Amino acid sequence: MRAIWTIAKMSLVENSRKQVFHVLCLLMLAVIAGSTLLSIFTEGVKLKILKDLCMTCILFAGAMLAIALGATGVPNDVETRTLYPIIARPIARWQYVVGKFLGTCLTVAMGLGALSAVFGALIYYYQARFDWFLPTAALFALLEATVIAAVATALSTIATPAVAAALSFMIYLCGTIKVGYFGGMLDRASSGLVRTVGTTVYHLLPNLECFNLKAALVHDDAIPLSYLVLVAFYGVCYAAFALGLGAVVFKGREV
Amino acid sequence: MRRTVSAVSTGFLLALARAAWAHGDPHELGHHWSIGEYRSEMWFQISAMAFAVVAYVLVLFGVRAWKRHGIQRR
């Protein structure tokens, strides 16, 4: 456990110095700040749009950070040869992969924490009370980023950073429209082969839509607790499965 | 020019804020918690992942047992 934590801390320091982390966070903070300029609407509509835009920014920033940091962690260490002194120590390869993943998650959590804090302050300013559903929505955005980070880390054990990032981004895009659009397209498919291949891909893709609690935050809707527990359990299972797959592949890989 | 830029950027921001304008349909509203398909898909994937893990562990144990058996016979 100590080995994993040490690698995670190293990864956190390394990731937090990367330009992509600072640029994405600042860009999203600028969009969040800019969304307050929508002054043509009445107060109620303005608040709804503000919540919607800010949650979109948080979800998007989480996904992009998870892809950019998760897909580059392991291949960069192989390229710069910093991996060799690490695996020469009594550290199992799965511990290294899990440590890298945890470091990525901690960095993403730092970024999302900053964005959520600004978002919460804005809501407090406009609503004159704190929205207690916001931490839940932000936590589920972090869980979505965790799932994407696990997929990106698993892909980075077999592919170059560019390929891993591109594949992760495609999985993210398809995952966010999985049940809503992809499922409907499959129902309309006439060819048997297309339907078989499509159904297989459909079931392999993560269901990322369910982590998006933006609509509940915007419309002040209540979500059943059982559903939230199921989504959290599903997220943890999917991330663990993807990471396990990555660790198994990395164990057998010659570096 | 300035008007075009402001119209395009406002349109983009409003398109992002789709849920704020949506009414009625849970799909359109993004109310996935009230659509059964999401729950069933999640349960299906959890079951498939559990099945894959159990199958992997069984194959791993089987291969180890077979190797051990081979060494003992030699």
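Which side chains meet in a salt bridge at 2.7 Å, N to O? Select Glu41(B) and Lys178(A), and you have the pair. A salt bridge here is a side-chain nitrogen of Lys or Arg within 4 Å of a carboxyl oxygen of Asp or Glu.

Before moving on, here is how to read the model. It is predicted, so local features need pLDDT of at least 70 and side-chain atom pairs count only at pLDDT 80 or more, while totals for chains, interfaces and linings use all residues. Residues are numbered from 1 along each chain as its sequence is written, chains are lettered from A and ligands numbered from 1 in the order in which they are written, and side-chain values use heavy atoms, leaving out hydrogens and water.

**Stop 1: where the chains meet**

Colour chain A and chain B separately. In contact (heavy atoms within 4.5 Å) are 27 residues of chain B and 40 residues of chain A. Together the chains bury about 2900 Å², 71% of it on carbon and sulfur atoms. Buried area is the accessible area (1.4 Å probe) that two parts lose on being put together, summed over both. The count of salt bridges between chain B and chain A is one.

Now select helix H4 (36-73) of chain B. Helices are DSSP runs of H or I with at least four residues, numbered from the N terminus. H4(B) gives the most to the side of chain B that touches chain A, with 13 residues. That side divides into 19 nonpolar, four polar and four charged residues. Here Ala, Val, Leu, Ile, Met, Phe, Trp, Tyr, Cys and Pro count as nonpolar, Asp, Glu, Lys and Arg as charged, and the others, Gly among them, as polar.

Go back to the opening pair. Glu41(B) is buried at 5% relative accessible area, and Lys178(A) is buried at 0%. Buried means under 20% relative accessible area, exposed over 50%, and partly exposed in between (1.4 Å probe, protein chains only).

**Stop 2: Tyr227(A) and the core**

Select Tyr227(A) next. Among the residues it touches are His32(B), Trp33(B), Tyr38(B) and Met42(B). Tyr227(A) is also one of the residues with the most contacts inside the largest nonpolar core, which has 84 residues. Such a core is a set of buried Ala, Val, Leu, Ile, Met, Phe, Trp, Tyr and Cys residues joined through side-chain atoms within 4.5 Å. Its largest share, 14 residues, comes from helix H3 (residues 43-70) of chain A.

**Stop 3: salt bridges inside chain A**

Which residue meets Lys214(A) in a salt bridge? Pick Asp52(A), at 3.4 Å, N to O. Asp52(A) lies in helix H3 and Lys214(A) in helix H11 of chain A, so the pair ties together parts that are 162 residues apart in sequence. Asp52(A) is buried at 0%, and Lys214(A) is buried at 14%.

Then show Glu14(A) and Lys100(A), whose side chains meet at 3.5 Å, N to O. Glu14(A) is partly exposed at 29%, whereas Lys100(A) is buried at 4%.

**Stop 4**

Most residues other than glycine have a negative phi. Select Ala128(A), whose phi is near 60 degrees. Ala128(A) sits in the loop between helix H6 (93-127) and helix H7 (134-156) of chain A, and is exposed at 62%. Finish at Asp220(A), where phi is positive at about 55 degrees, in the loop between helix H11 (214-219) and helix H12 (225-252) of chain A.

Technical notes. Helices (H or I, at least four residues) and strands (E, at least two) are DSSP runs, numbered from the N terminus. Lists of a residue's contacts leave out its neighbours within four places in sequence.
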